[in-house]
Amino acid sequence: MTETIGLAQPDLNTMFVEGQRYPLEIVDIFAAGAQTPLERLRDHNKKFGLALDESEMEYLVEVFKRQGRPPHDVELFMFAQVNSEHCRHKQFNASWTIDGEQMADSLFGMIRNTHKTTPDYTVSAYSDNAAVLEGETAAFWAPDYSTGSWKLTKEVVHILAKVETHNHPTAISPFPGAATGAGGEIRDEGAVGRGSKPKAGLCGFWQPRYHARGPHRKRSFQQRVWPPVPARLLPHAAHQRRHDDEPEWRGYHKPIMIAGGVGTVRPQHALKDPKDVNDGAHVIVLGGPAMLIGLGGGAASSAASTEDTAELDFASVQRGNPEMERRAQMVIDTCVSLGDESPIAFIHDVGAGGLSNALPELVKDAGFGGKFELRQVHTDDKSLSPLQLWANESQERYVLLVNKDSLNRFVSICRRERCPFSDVGTVLAEDENGNSKLILSDRDSTEHPLPIDLPMSALFPPGRRLERVVERRELDLPTFNAVASLKSAVSDTASNADLITAATERVFRMPAVGSKSFLITIGDRTVGGLTVRDQMVGPWQTPVADCAVTATSYQIGSSKRTGEAMAMGERPQLALISAAASARMAVAESLLNLGAADIIGELNRVKLSANWMAAVNHPGEGARLYEAVHAIGKELCPELKISIPVGKDSTSMRRREDRESAGTERGRDAPAPPVEDVGETILLYVDLAEGKQAMGGSALAQSFGQLGNEAPDVRNVGLITDYFDALKQLHESGVVLAYHDRSDGGLITTVAEMMFAGRCGVELLLDGVAKSGSAADVLEALFNEELGAVFQVRKSDETNFKRCFATCGPPKGLIRKIGVVKATSKQELTIRYQDPTPIVNLDRVEMQQWWSRTSYAMQRERDSPAHADSEFATIADSEDPGISFNLKFQPKEDINPLTATVGSFFKNAPKVAILREVGVNSHAEMAFAFKAAGFDPIDVHMSDILAGRSLREFVGLAAGGGFSYGDVFGAGVGWAQSILEHKHARQEFEAFFNRPDTFSLGVCNGSLRPGLDVHIDDSGARRFVSPRMSGSSLPIAVSHGEGRATFTSPTQLDTLGAEGLAPLRYVDNRRRTAEPECYPANPNGSPGGVAGVRSKDGRVLALMPHPERTIMADVASYVPPSQIEEWGEFGPWVRMFKSARRWVG
């Protein structure tokens, strides 16, 4: 499909030969013969997988009757993509009749109701690629277009939010499907208003038939990995019986995906306004070339998959190109930095349907028609037919409208960024009757010079609305009996301790509950330098964070720090019991996850992106979907004063094969901080379920392949509002040491995960939580997944904690003391009920090994088994001190010369070239690091140097990481050769390096593993690296597993160390040099833990980790709060950059 593995050497002549161009085809539905035009169109629809319904085909027959000609294949294909369920959301805009009763609202109408009820703090809803939310005053950070000098501009920073499912291509081909799903979501966040910027992403995967060694094989599960949000996996497969006693399988037949994230947009660019577009504006396609990679994805993803459609399914899968997406985003960023003078008047991303959907939508939204020339579209395959060229879904492309007077500037920006673009046409104004046309010409064809010539109204038919008539259908679900199920797996004579131990192991090994490290550590969680809270928590970097937090922007000299918190909630398995409960619990779970963050204002500042997956044409599922949307659109969210300004739906979640199956899911999603041994502390449990303990859909039930028939639910909406009032007071009071909501796996998982993050013990008291000491009641208390949360506070603060809940009563039983935190030397979970004798003692090491086993098994199969073993072994080291800051300097100390003091911070500062090549993505944080140190960072692209720019004005040169040259093997060599093989560039770099007053810094690129310690040795020659940092060890962001240093002989490494040329080395948590086998302390296997090397004169430093990504004091995966207060504005890694400023003098 997109890759083929062959055993024979390929014939390059055949591989790269350019074939003959495929012609346009006329679909002669009006030809003479026995078939009617509608019958011929039905045949064409089925053959090419257009997914047109009967009314649409009838409509098209009438359209082309009026045109007086048969349709062209490209016209039918375009109509199918533009009007697909994927693009037009026909189910959500449909009218619904359920059990003979006409429903008052459409699905989308109920979603809109939340915004109508609570429009507060929403700038844009339902009208763009992502929702725009009102942000806080902070700073816009970008280089000045004229001078290249990076500047902080004080302004409001609006927030973008978007999450969408991307199921069809991921199910067909997981790697390229997932890549384009994530890439498409990133483009959505770059194409808001007149141009915007992605910031932090999330993604999740539902995967079937998990095959691994050990228990729970062949279970369907969901994987969640969200840089920088925590990861989650959800098992969801069940063999159920319907009311008519026919077997039915529900689950995920193939891997599918959800992707989303947050971004930013400048206030003046937040809204698309047709008034910004002038008549005759140029239509631009920005990004990569058109190729036959993805065709018909909009239509294919809107129909049920079958064996008969396999060929069409494979044809619809795209392929990602992150470097090209980076180039295009840099063009957008540069335009955005120009503010009101931005050349971009209108922008959309290219997704499903390719240009056949994006360009008509672009000009329509701007109030125009369009005239396009097909052969102006940039392509690397000249054999493409008009249909293929117009409708292919090659990724990493945007479409823009640029007014005539801005075109020259836009072209110069694209050429500097080396980003391909095509000027494919102009907008066409409406005629005097308000009608507009869509014309696509083909200058190379004399036979068919106009592949498309239609009124815009033909492509976007007004007033057409789907009518859905469905019936409710209940499933026959047996009760889940936890004791009976466990005894059947263990022994009829098993003790309560044996049953709880077995239940805990089963639940902790489930992917939904256990560690997701194998997913998290392959994602870059710090790129951009604004990640305040990622998945990893505490000194042992345990993946249990409840939510992600990003800083609003880079800032210098501001005491106010704000940001965005992002979390998710999902309860798909509950939809089989109660669709309404599933939707309510998904919303509530996301809110409880957000509770870990200090939310500004009230709950009306929280906004949701609702994503719906359903096999809507399967009996009963349409009614379930309506029930779920009604539950939150008309009831829960309006009552909580929370709106849903954005979302996505996938309503063809059905696979037909010999065994019929269907899946239903409702979602948004995330897991939270450590229990610490900080003196005498207790655990307080807040029960938001009012004592209810439903076991339906629980991880324990699913571990036995069961579901149950009673679902957890939001029992009291008002109590959630009161809870967040209390949380606000708790954040202000500072009494809470740790927080974790109750979710997958129940109360025992909540407490255990807090233990794992804090490496301590807990005595868990079930008095008042369990109804009795019986096995059944204890299991229900420990493993039910109703709403609730656990807080760690000092014993002396218990009264202060309860005082914060005074506004809600609190109701009887809301708050219970359930535990005492024990010393780190006693790392076990002791569970008691009334009797002083424990019910069971569970060792922290053994529990965490259960919890990590699935991730470990996946990592061991995917990566180096030895490294997986090394990381897994760290769990058993109860004496491991964790990562720490061992500083031999004071980060707050000002070591800069007088000329670099705050008073002259922006005046006559020495200039550092922030060097970029195509694909580099660490330039902004690198520039900020030097700005914070007192330099004037200047944006310099390699294009500038190749065009003749001099480096004489710079004292420093810094090259950041990213996807330069596609991040392929030898990418660095490619960058170097572009200098060495160019006469002017080579001379400029030679002159720069030969000047004794210059320094240079190179930081590598790749994937992240934060939380590693680096030791600094500062002995030797005078250099800029780090005066008075010698002997320090401190965590650093490591965004890769690459960069292993190699030496021709052991003596070469010894010589490097003896001469002080390896100033940075990876160390373990005991501050010993991390040798190659010491993973993850040594992430890439470098001998001697070498993390960076320098030149003999100290003026050149090259390192693999990323010090520039943790410059602001609170931007780090783990920093003790007391040390943030001690450091002030910046973290310790700013010292390295200030050392360079001191060296410059």
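Let me start with one pairing in this predicted model: Thr550 has Glu564 as its bridge partner in strand S24. Strand S24, which covers residues 563-566, runs antiparallel to S23 and is joined to it by four bridges. Strand S23 is also joined to strand S20, residues 531-533, by two bridges, and those two strands again run antiparallel; here the bridge partner of Arg533 is Val549.

If we look at the side chains of S23, residues 548-551, Ala548 and Thr550 point one way while Val549 and Ala551 point the other way, and all of them are buried.

Next comes Gln541, which sits in the loop between strand S21 (536-537) and strand S22 (542-543). Is Gln541 buried or exposed? Gln541 counts as buried because its relative accessible area is 12%, and the cut-off for buried is under 20%. The side chain of Gln541 has a polar atom 3.0 Å from the backbone oxygen of Gly538, and it also makes a polar contact, at 3.0 Å, with the side chain of Ser1117.

Ala51, in the loop between helix H2 (37-47) and helix H3 (54-67), has a positive phi near 60 degrees although the residue is not a glycine, and Ala51 is partly exposed at 34% relative accessibility. Glu396, in the loop between helix H14 (386-391) and strand S14 (397-402), likewise has a positive phi of about 60 degrees without being a glycine, but Glu396 is buried, with a relative accessible area of 2%. The peptide bond from Tyr1079 to Pro1080 is cis, with omega near 10 degrees, and Pro1080 lies in the loop between strand S43 (1064-1067) and strand S44 (1090-1094).

Definitions and conventions:
Residues are numbered from 1 along each chain as its sequence is written. This is a predicted model: local features need pLDDT of at least 70, side-chain atom pairs count only at pLDDT 80 or more; totals for chains, interfaces and linings use all residues. Side-chain values use heavy atoms; hydrogens and water are left out. Buried means under 20% relative accessible area, exposed over 50%, partly exposed in between (1.4 Å probe, protein chains only). Two strands pair if DSSP finds at least two bridges between them. A polar contact is a pair of N or O atoms within 3.5 Å; within protein, one must be able to donate a hydrogen and the other to accept it, and residues adjacent in sequence count only if both atoms are side-chain atoms.
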